[in-house]
Amino acid sequence: VVAGPLSSYVGLPLGGRRKVLRLCAAGSAAAEEAQLDEREITSAGGGGLTLWGDGSACFYINSQSSRPGAKYRNQFWREGRGELAGEVLFAWYFGRDQRLSDGWVQPALRGEVELLLFCRPQTRSSRRPYRFCGRIRAAAVALPPGEEGVEGAEGWPPVWSTDGAAHVVWRLVDADALIESTHGAFEDVFGPGGGIAPMRPRGYGMQERS
């Protein structure tokens, strides 16, 4: 999966997952899809991801679909302090039987593979096409008290404390391009007025863990 050929698609509605895969796949789309049918992973916050043979991944998120108090919520916000100040970040939770020790996670956290984000607003009454939201990079790993990382965590992003379940905080690399898109992507994905909070949500510790 490479972001280059998709750069002109930032903000555009692309359709369902199979159409997304056809845009991302190299070679025969039919052959790639057949191989990927067994590599689909569901995330706890709604949506999931597709893993590719080279370790890269397409993340799918259903935005506007979680209640404000939902336990696993893909919250987006603009970080207000530190080295990430001004960056758009979001929380992504592992699904059932997924762990930080899973083979695909380590290179993803170290930034060694390409990770692409596709979002769509999904409510009980409607399901719209996925829009390409650009590249993502790991900004932090959030762990609850008493939970440690895993062996081989060298090269990880910072570890934050959280009072919720373990999850990854991703940085939306192409946030500005998405926000400036002329295709109505920002409001379609995040709702009227935008659904990107102006600061880090509650539940994270004030200090990063070493």
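These legends walk you through several close-ups of one predicted model.

Residues are numbered from 1 along each chain as its sequence is written, and side-chain values use heavy atoms, with hydrogens and water left out. Because the model is predicted, local features need pLDDT of at least 70 and side-chain atom pairs count only at pLDDT 80 or more, while totals for chains, interfaces and linings use all residues.

View 1. Helices (H or I, at least four residues) and strands (E, at least two) are DSSP runs, numbered from the N terminus. Of the 210 residues, 48% count as buried; that word means under 20% relative accessible area, with exposed over 50% and partly exposed in between (1.4 Å probe, protein chains only). Among contacts with a separation of 6 or more, 62% are between residues 24 or more positions apart. Contact here means heavy atoms within 4.5 Å.

View 2. Look at residues 17-24 and you'll find V20, L21 and C24 buried. An α-helix has 3.6 residues a turn, so residues three or four places apart point the same way.

**View 3. E79 and R200 meet in a salt bridge.** Such a bridge is a side-chain nitrogen of Lys or Arg within 4 Å of a carboxyl oxygen of Asp or Glu; the chain has 5 of them. In this one, N to O is 2.4 Å. E79 is in the loop between β5 (76-78) and β6 (88-93), and R200 is in the loop between β11 (196-197) and β12 (204-209), 121 residues apart. Both partners are buried. R200 has another neighbour to spot: its charged end sits over the ring of W160, 3.7 Å from the centre. To count, NZ of Lys or CZ of Arg must be within 6 Å of the ring centre and within 35 degrees of the ring normal.

**View 4. D174 and R135 make another salt bridge, 2.7 Å from N to O.** This pair links distant parts of the chain, 39 residues apart: D174 in the loop between β10 and α4 (175-179), R135 in strand β8 (residues 130-143). D174 is buried, at 15% relative accessible area, whereas R135 is partly exposed, at 27%.

**View 5. A139 is buried in strand β8.** Its relative accessible area is 5%. Skip the neighbours within four places in sequence, and A139 is in contact with L84, L89, P157, P158, V169, W170 and R171.

**View 6. Y60 and Y130 are one of 11 aromatic pairs.** Rings of Phe, Tyr and Trp (its six-membered ring) pair if their centres lie within 6.5 Å; planes under 30 degrees apart count as stacked, over 60 as edge-to-face and the rest as tilted. Here the centres are 5.3 Å apart and the planes are at 55°, so the pair is tilted. Y60 lies in strand β4 (residues 57-63) and Y130 in strand β8, so the pair ties together parts that are 70 residues apart in sequence. Y60 is buried at 0% relative accessibility, and Y130 is buried at 1%.

**View 7. W92 and F94 form an edge-to-face pair.** Their centres are 5.4 Å apart, with 70° between the planes. Both W92 and F94 are buried. They also belong to one aromatic cluster with F59, W104 and W170.
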